[in-house]
Amino acid sequence: MSGEAAGGASSCIGAAAASCSSAGSSYVAAGGEVGIAGRLPSRVLEHVFSYLDLYDLMRCSLVCWHWNNCLADENSEVWRSLCARSLFEEALRSDILCNLTTYKGKLKSYLHALSSHDCSRNVYVKKNGFTLHRNPIAQSTDGARGKIGFSEGRHAWEIWWEGPLGTVAVIGIATKRAAMQCQGYVALLGSDNQSWGWNLVDNNLLHNGEVNGNFPQCNNAPKYQCNGVRPQIGERIRVILDMDNKTLAFERGFEFLGVAFRGLPKACLFPAVSAVYGNTEVTMVYLGKPLDG
């Protein structure tokens, strides 16, 4: 689509939105609508929407019920087109997003991925947009936060650890105030009152610089195994943050390991990881609202 055509499409959208939402229109809040927006066929809307960015689509979904319903299909051409424009081909062709069945879900996961701007200087996010790589720096512990934090609702994401864990490998959550780098090989997440972590190496829960017990709470709990190659899907660790009940829990495969932390503060909490092993890689995939049961 040429710039002129794209501008024309945006003008058409703006005119339709104004027609549907202006104070002088006879828009029916109960679900009916009139005017240009209410009469545009879904196939026409879908074609125009496929050229818009996420911010514009969010605004369009608020115009009227007709437009909202048009955008409700998470596998429509609109979301496929935006997903193709936003995500790297490497991520779309790999099995990183295999547990996400819709284009909108894949796009949402990318928007929640580990941040390349909120991490230690010794790590970077790979071109696929989801995988953190730690450079082989001696005597340093390095971490990263997700792009988006949560202060309400229920959220789930998967952690996929590729390569050896080293002496310390921690997954969990952190506020914006938690440090993402420190000297030495330590459990960075959980080292202060701004983060909560599960050290996969020794199965300890950590917060405020203290060990809060073993996890999972069972005799001879198996440690997370990684043989130097990427684990299978069933070996991913799922993190479940419930900001309504203020809890953090973990799953491995199809097994619920239990609630690790209770009484989380009313704050904005971000997915986070920290690692010490050189060239280790950690992938985080946001899944959305966890499925009950």
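Set aside its neighbours within four places in sequence, and His133 is in contact (heavy atoms within 4.5 Å) with Asn122, Val123, Tyr124, Lys126, Asn279, Thr280 and Glu281. The model is predicted: local features need pLDDT of at least 70, side-chain atom pairs count only at pLDDT 80 or more, and totals for chains, interfaces and linings use all residues. Residues are numbered from 1 along each chain as its sequence is written, and side-chain values use heavy atoms, with hydrogens and water left out.

Stay with His133 for a moment. His133 lies in strand E3, residues 131-134. Strands (E, at least two residues) and helices (H or I, at least four) are DSSP runs, numbered from the N terminus. His133 is buried, with a relative accessible area of 9%. Buried means under 20% relative accessible area, exposed means over 50%, and partly exposed lies in between, with a 1.4 Å probe and protein chains only. The His133 side chain also makes a polar contact with the side chain of Asn279, at 3.1 Å. A polar contact is a pair of N or O atoms within 3.5 Å; within protein, one must be able to donate a hydrogen and the other to accept it, and residues adjacent in sequence count only if both atoms are side-chain atoms.

Now step back to the sheet. Seven strands form an open sheet, in the order E2-E3-E15-E5-E11-E12-E13, and the pairing is antiparallel. Two strands pair if DSSP finds at least two bridges between them. Strand E2 (123-125) and strand E13 (255-262) stand at the edges; each has a single partner strand, so one side of each is left without a neighbour in the sheet. Neighbouring strands of this sheet are turned by 25° against each other on average, direction ignored. Axes here are lines fitted to C-alpha atoms, for helices over the stretch in contact, and angles run from 0 to 180 degrees between N-to-C directions.

Look next at E5 and E11. Strand E5 covers residues 154-162 and strand E11 covers residues 237-242; six bridges join these antiparallel strands.

Arg236 lies in the loop between strand E10 (210-214) and E11. Is Arg236 buried or exposed? Arg236 is buried, at 2% relative accessible area. Its side chain makes a polar contact with the side chain of Glu158, at 3.0 Å. A polar atom of the Arg236 side chain also lies 3.1 Å from the backbone oxygen of Asp95. Leaving aside neighbours within four places in sequence, the residues in contact with Arg236 include Ile96, Cys98, Asn99, Trp160 and Glu251. Arg236 and Trp157 are 79 residues apart in sequence, yet 9.9 Å apart in space, C-alpha to C-alpha.

The loop between E10 and E11 also holds Pro216. A cis peptide bond joins Phe215 and Pro216, with omega about -5°. Most peptide bonds are trans, and most residues other than glycine have a negative phi.

Two residues have a positive phi without being glycine. Gln139 has phi near 50°. Gln139 sits in the loop between E3 and strand E4 (140-146), and is partly exposed at 45% relative accessibility. Asn208 has phi near 55°. Asn208 is found in the loop between strand E9 (204-207) and E10, and is partly exposed at 41%.

The helices come next. Helix H6 spans residues 77-86, and its buried residues are Val78, Trp79, Ser81, Leu82 and Cys83. They pack against helix H3 (42-49), helix H4 (54-60), helix H7 (89-93) and helix H8 (103-111).

How do H6 and H8 meet? Two packed helices are described by the angle between their axes and the distance between the axes. H6 and H8 pack at an angle of about 35°, with their axes 8 Å apart. H6 passes H8 in a left-handed crossing: the near helix is turned anticlockwise from the far one by less than a right angle, whereas clockwise would be right-handed. Trp79, Arg80, Leu82, Cys83 and Ser86 in H6 meet Tyr103, Lys104, Lys106, Leu107 and Tyr110 in H8. By class, this contact has six nonpolar, one polar and three charged residues. Ala, Val, Leu, Ile, Met, Phe, Trp, Tyr, Cys and Pro count as nonpolar, Asp, Glu, Lys and Arg as charged, and the others, Gly among them, as polar.

Finish at Thr102, in the loop between H7 and H8. Thr102 counts as buried, at 17% relative accessibility. A polar atom of its side chain lies 2.9 Å from the backbone nitrogen of Gly105.
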